[in-house]
Amino acid sequence: MVKINRTPKPDDIVITSDEHYRNGPAHDIIRNDFNNKCYICECKSNSMEIEHRNPDKSLRYCWDNLFYACRHCNSIKGTSYADIIDCTIIDPEEHIELSLELFPSEMVAISQQNGSCLSIGSTLELLRLVYGGAKTKVQIAGFESMLAEIKEELVKLQEAMIMYLDNNTDQSRKEVAKEIILKLIDKNAKYAAIKRTIIRSVGTYKNEFGQYL
Ligand SMILES: [Zn+2]
């Protein structure tokens, strides 16, 4: 999860039915605000949906309650987790740390950031379900393809970092590597939170790229 900058509801947008946010101009604004990726797992899939962060029926057509999520996360969240972090208000990176662990088995580790005092138990629980803790076969398959994509992103980051930090890399290739790295760690990128954790936790990476987080 990363911080999302939500556009205030334009005066000419009216939402009084599901159709209005599913197919109307509201949908395009929300998709764009959320960088076309799921606010929960940060994937960019073909099966994206408008999701209601708070499932309370009275908030169904409330602009600030419309979020952009993938089917995998929406199906796991269902009508629960009404009190998960509102990433359009709170910066999740100040409170949640995501990292990929390889041993004893591959998993996305989710923990509360040191120094965070926010009550985020339900957000951590939902993220743990989304990133591999869910039990149905469809959900497990959803996570397996997500894990493959996360590893692919991390390999790209690793390769670009090696090129960037290698003393034998000439200046123009170094610039290319830097551009790749900046795109990969941008909040708009898929699975940005995990990659940004890596930048914060590796000294040399932080020295070079911490300023861009
Ligand atoms: Zn998702």
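This is a predicted model: local features need pLDDT of at least 70, side-chain atom pairs count only at pLDDT 80 or more; totals for chains, interfaces and linings use all residues.
How much of helix 7 is buried, and what does that say about its place in the structure? Seven of its ten residues are buried, so helix 7 is largely enclosed by the rest of the structure.

View 1. Start at the N terminus and walk along: the elements come in the order α-α-β-β-α-β-β-α-α-α-α-α. The radius of gyration is 18 Å, close to the 17 Å that the globule rule gives for 213 residues, so the protein is as compact as a globular protein of that length. Along its principal axes, the C-alpha trace covers about 60 × 40 × 35 Å. Buried residues make up 31% of the 213. If you take the contacts with a separation of 6 or more, 59% of them are between residues 24 or more positions apart.

**View 2. Helix 7 and what surrounds it.** Here's the helix from the opening question. Its buried residues are A192, A193, I194, K195, R196, I198 and I199. Notice that K195 and R196 are on that list too. What do the buried residues of helix 7 pack against? Their partners are strand 3 (96-101), helix 5, helix 6 and helix 8.

**View 3. Helix 5 crossing helix 7.** Two packed helices are described by the angle between their axes and the distance between the axes. For this pair, the axes come within 10 Å and cross at roughly 35°. The crossing is right-handed. On the helix 5 side, the contact is made by I150, E153, L154 and L157, and they meet I194, K195 and I198 of helix 7.

**View 4. Helix 6, with a buried side and an exposed face.** Helix 6 takes in residues 171-185, and its 15 residues should span 21 Å at 1.5 Å a residue; the end C-alpha atoms are 21 Å apart, which agrees. I181, L184 and I185 are the buried residues here. They cover an arc of only 85° around the axis, which puts them on the same side of helix 6. An α-helix has 3.6 residues a turn, so residues three or four places apart point the same way. Now look at the face turned away from the buried side: there you'll find the exposed residues S172, E175, E179 and K183. Covering the buried residues are, among others, helix 5 (137-165), helix 7 (192-201) and helix 8 (203-209).

**View 5. Helix 4, whose ends are 15 Å apart.** Helix 4 (residues 121-133) has 13 residues, and a straight helix would reach 18 Å at 1.5 Å a residue, but the end C-alpha atoms are only 15 Å apart. Which residues of helix 4 are buried? They are T123, L126, L127, V130 and Y131.

View 6. Most residues other than glycine have a negative phi, and most peptide bonds are trans. Now for the exceptions. F103 and P104 are joined by a cis peptide bond, with omega about 5°, and P104 sits in the loop between strand 3 and strand 4 (107-112). N36 isn't a glycine, yet its phi is positive, at about 60°. You'll find N36 in the loop between helix 2 (25-33) and strand 1 (48-52), and with 13 C-beta neighbours inside 10 Å it counts as partly exposed. Y81 isn't a glycine either, and its phi is positive at about 55°. Y81 is in the loop between helix 3 (71-77) and strand 3, and it is partly exposed, with 19 other C-beta atoms within 10 Å. A residue needs 20 or more such atoms to count as buried.

**View 7. S47 and the residues it touches.** S47 belongs to the loop between helix 2 and strand 1. Is S47 buried, exposed or partly exposed? It counts as partly exposed, with 13 C-beta neighbours inside 10 Å. Leaving aside residues up to four places away in sequence, S47 touches C70 and R71. For a sense of distance, compare M163: S47 and M163 are 116 residues apart in sequence and 35 Å apart in space, C-alpha to C-alpha.

Definitions and conventions
Residues are numbered from 1 along each chain as its sequence is written. Helices (H or I, at least four residues) and strands (E, at least two) are DSSP runs, numbered from the N terminus. The expected span of a helix is 1.5 Å times one less than its number of residues. A residue is buried if 20 or more other C-beta atoms lie within 10 Å of its own, exposed if 12 or fewer, and partly exposed in between; C-beta atoms are placed from the backbone. The arc is that of the directions from the helix axis to the C-beta atoms. Two residues are in contact if their C-beta atoms, placed from the backbone, lie within 7 Å. The radius of gyration is taken over C-alpha atoms; the globule rule is 2.2 Å times the number of residues to the power 0.38. Axes are lines fitted to C-alpha atoms, for helices over the stretch in contact, and angles run from 0 to 180 degrees between N-to-C directions. A crossing is left-handed if the near helix is turned anticlockwise from the far one by less than a right angle, and right-handed if clockwise.
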